[in-house]
Amino acid sequence: MSINIVEVTWKAKLKAQFPDPTSYSVFLGNFSSITGVLTVAMMVVSRDIFARFGWGTAAAITPITLGITGIAFFSLILAPTLWDPVTAMLNTTPLMLAVMVGAIQNGVSKAAKYSLFDPCKEMAYIPLD
C-alpha cells in the first residue's frame, strides 16, 4: 500500500513534468525497462541475502528502502527549497528532481518488493514438516 501511495503522487508529478502524452509514455516505458533490469539484478543478489542474513532481514529491506527513498521524494514535494543547492548543482528544476528521485524510489522499491519481500511472504506459507 505504501508503494501505491508514493506511486500515485509520483505519477501526478510526472504528468506535470511531461504533459505531452508521448513524452509521458516514453518516460514510463524507459522506467519499466529499468525496473525490470533492477528486479533481475536484485533476484540474483537476493539469493545471497537470504543465505547470509535470513528471511527476516530480507523482508525488512523493502520497507526500509521505501522509507528512506520516500522521505527524499516527499521532502522534494513538501519543501523543495531545501533542495535548492542540489537543483542548482544539477542544473535542473525541483519538479524534475522530484520526478527522478520518484523514479529511483519506485524502481528500487518495486525491485526489492518483487525480489525480496514477495518471496519472504511466500516462505511464510511453506509447511515445515
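**Figure 1. Trp10 and Phe31, two buried aromatic residues.** In this predicted model, both Trp10 and Phe31 are buried. For Trp10 the relative accessibility is 0%, and the residue therefore counts as buried, the cut-off being under 20%. The rings of Trp10 and Phe31 form a tilted aromatic pair, with 4.8 Å from centre to centre and 50 degrees between the planes. This pair links distant parts of the chain, since Trp10 belongs to helix H1 and Phe31 to helix H2, 21 residues apart.

Figure 2. Because Trp10 lies in helix H1 (residues 2-17) and Phe27 in helix H2 (residues 21-78), the pair ties together parts of the chain that are 17 residues apart in sequence. Phe27, with a relative accessible area of 15%, is buried. Ring pairs link Trp10, Phe18, Phe27 and Phe31 into a cluster.

**Figure 3. Lys15 over the ring of Tyr24.** This view turns to a charge and a ring, with Lys15 lying over the face of Tyr24 at a distance of 4.8 Å from the ring centre.

**Figure 4. Helix H4 and its kink at Lys113.** Helix H4, which covers residues 94-123, has 30 residues, and the distance from its first C-alpha to its last is 41 Å, close to the 44 Å expected at 1.5 Å a residue. Within H4 there is a kink of about 40 degrees, and this kink is centred on Lys113.

**Figure 5. The whole chain, as a setting for the close-up views.** The protein chain has four helices and zero strands, and its pattern, read along the sequence, is α-α-α-α. Taken along the principal axes, the box filled by its C-alpha atoms is roughly 55 × 30 × 25 Å. Of the 129 residues in the protein chain, 33% are buried, and among the contacts with a separation of 6 or more, 75% are between residues 24 or more positions apart. As for the confidence of the prediction, the pLDDT of the protein chain averages 88, and 96% of the residues score at least 70. Among the elements of the chain, the lowest mean pLDDT, 86, belongs to H1, whereas the highest, 93, belongs to helix H3 (residues 84-90).

Conventions: Residues numbered from 1 in each chain as written. Predicted model: local features only at pLDDT ≥ 70, side-chain atom pairs only at ≥ 80, totals over all residues. Heavy atoms only, no water. Helix = DSSP H or I, 4+ residues; strand = E, 2+ residues; numbered from the N terminus. Buried < 20%, exposed > 50% of the residue type's maximum accessible area, 1.4 Å probe, protein only. Phe/Tyr/Trp six-rings, centres within 6.5 Å; stacked < 30°, edge-to-face > 60°. Lys NZ or Arg CZ within 6 Å of the ring centre and 35° of its normal. Expected span 1.5 Å × (residues − 1). Bend = angle between axes of the 7 residues up to and from the residue. pLDDT = per-residue confidence, 0-100. Contact = heavy atoms within 4.5 Å.
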